[in-house]
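Let's take a walk through this model together, one feature at a time. Keep the structure open beside you as you read.

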Amino acid sequence: MASRTSSLKFFSLIIFSFAIVQIAIAGDPDILTDFIVPPNANGTVDGNFFTYTGFRALVEGDPPTAFTAMKASLAEFPALNGQSVSYAVLQFPNGTTNPPHTHPRSAELLFLVGGTLEVGFVDTKNNLFTQTLQTGDLFVFPKGLAHFQYNADAESPAIAISAFGSANAGTVSIPSTLFTTGIDDNVLAISFKTDVGTIQKLKAGLAPKP
């Protein structure tokens with residue numbers, strides 16, 4: 001009996017250790033080929049498949065007048081499938097913000113190319129971590145935690161590049177998720193300790209413009 005108990009403990013320890021390792025290396029699933037060819041490619045690809053030209057608009061177009069996120073993720077760049085990486089270029093005209101949001105499948109590593117940014121995230125103990133970034137700074141937003149970026153400069157724009165450890169990091173906008181998805185007004189009013197009228201004003205302000 002003692003031997004069987006020891007064996008069970010050892011087996012449990014192995015399973016637990018394996019689970020810890022899996023959590024530590026969690027990301028996109030590993031693939032068994034060099035890359036994944038989409039079914040509509042008929043098995044034939046060339047260098048064009050591995051090239052994404054969507055960011056040319058950054059140097060060819062006019063600066064945006066509102067916060068803009070240009071993404072190179074699985075949806076825009078199919079060659080990223082199985083590669084556990086994606087990019088986003090964040091453009092902040094003066095006084096604009098990237099509202100609080102989360103990325104459920106990846107951490108975010110932000111590199112500030114130009115300007116200044118106020119950034120921050122909140123951990124699972126409701127601790128707020130903030131920083132004022134200068135051009136050339138890096139900041140990491142841990143996986144799944146609510147975070148934001150804000151260009152507080154009243155005159156100058158800011159631009160940043162964000163890297164993700166997933167081809168499809170996902171973005172959950174907290175304001176949009178709460179106030180544009182049809183959650184009952186009473187649920188939100190009770191949760192935020194306010195009245196239904198205030199909730200309805202928030203929903204109206206966040207509703208898509210025609």
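**A tour from loops to pocket**

At 76% relative accessibility, Lys 193 is above the 50% cut-off, so Lys 193 counts as exposed. You will find Lys 193 in the loop between α4 and α5. Please bear in mind that the model is predicted.

The backbone at this spot also deserves a look. Most residues other than glycine have a negative phi. Lys 193 is not a glycine, yet its phi is positive, at about 55 degrees. Ser 84 is another such case: a residue other than glycine with a positive phi, here of about 60 degrees. Ser 84 sits in the loop between β1 and β2. Its relative accessibility is 28%, so Ser 84 counts as partly exposed.

The structure holds one salt bridge. In that salt bridge the side chains of Asp 185 and Lys 203 meet, at 2.6 Å from N to O. The pair links distant parts of the chain, with Asp 185 in helix α4 (residues 185-191) and Lys 203 in helix α5 (residues 196-206), 18 residues apart. Are these two partners buried or exposed? Both Asp 185 and Lys 203 are buried.

Next comes the sheet. Strands of a sheet pair through backbone hydrogen bonds, either parallel or antiparallel. Here five strands form an open sheet with antiparallel pairing, and their order is β6-β5-β8-β3-β10. At the edges are β6 and β10 (172-173), each of which pairs on one side only.

On one hand, β5 (residues 117-122) runs antiparallel to β6 (residues 128-133), and six bridges join the two. Within this pair, Phe 121 stands opposite Phe 129 in β6. The hairpin of β5 and β6 has five residues between the strands, and in this hairpin Asn 126 takes a positive phi near 65 degrees. On the other hand, five bridges join β5 to strand β8 (residues 146-150), again in an antiparallel arrangement. Glu 118 has Tyr 150 in β8 as its bridge partner.

Our last stop is the empty space. Rolling a probe the size of a water molecule over the atoms shows where empty space is left. The largest pocket has a volume of about 390 Å³. Which elements give two or more residues to the lining of the largest pocket? They are β1 (68-72), β2 (86-92), β3 (97-102) and α3 (174-179). The largest share of the lining, four residues, comes from β2.

In total, 23 residues line the largest pocket, and Ala 69, Lys 71, His 101, His 103 and Thr 171 lie nearest its centre. By type, the lining residues divide into 10 nonpolar, 11 polar and two charged.

Key: Residues are numbered from 1 along each chain as its sequence is written. This is a predicted model: local features need pLDDT of at least 70, side-chain atom pairs count only at pLDDT 80 or more; totals for chains, interfaces and linings use all residues. Side-chain values use heavy atoms; hydrogens and water are left out. On a 1 Å grid over the protein atoms alone, a cavity is a set of points where a 1.4 Å probe fits but cannot get out, and a pocket is an open set with protein on both sides within 12 Å along at least five of seven lines; lining residues have an atom within 4 Å of a point. Grid points are joined across faces, edges and corners, and a volume is the space filled by probe spheres set on the points. Ala, Val, Leu, Ile, Met, Phe, Trp, Tyr, Cys and Pro count as nonpolar, Asp, Glu, Lys and Arg as charged, and the others, Gly among them, as polar. Two strands pair if DSSP finds at least two bridges between them. A salt bridge is a side-chain nitrogen of Lys or Arg within 4 Å of a carboxyl oxygen of Asp or Glu. Buried means under 20% relative accessible area, exposed over 50%, partly exposed in between (1.4 Å probe, protein chains only).
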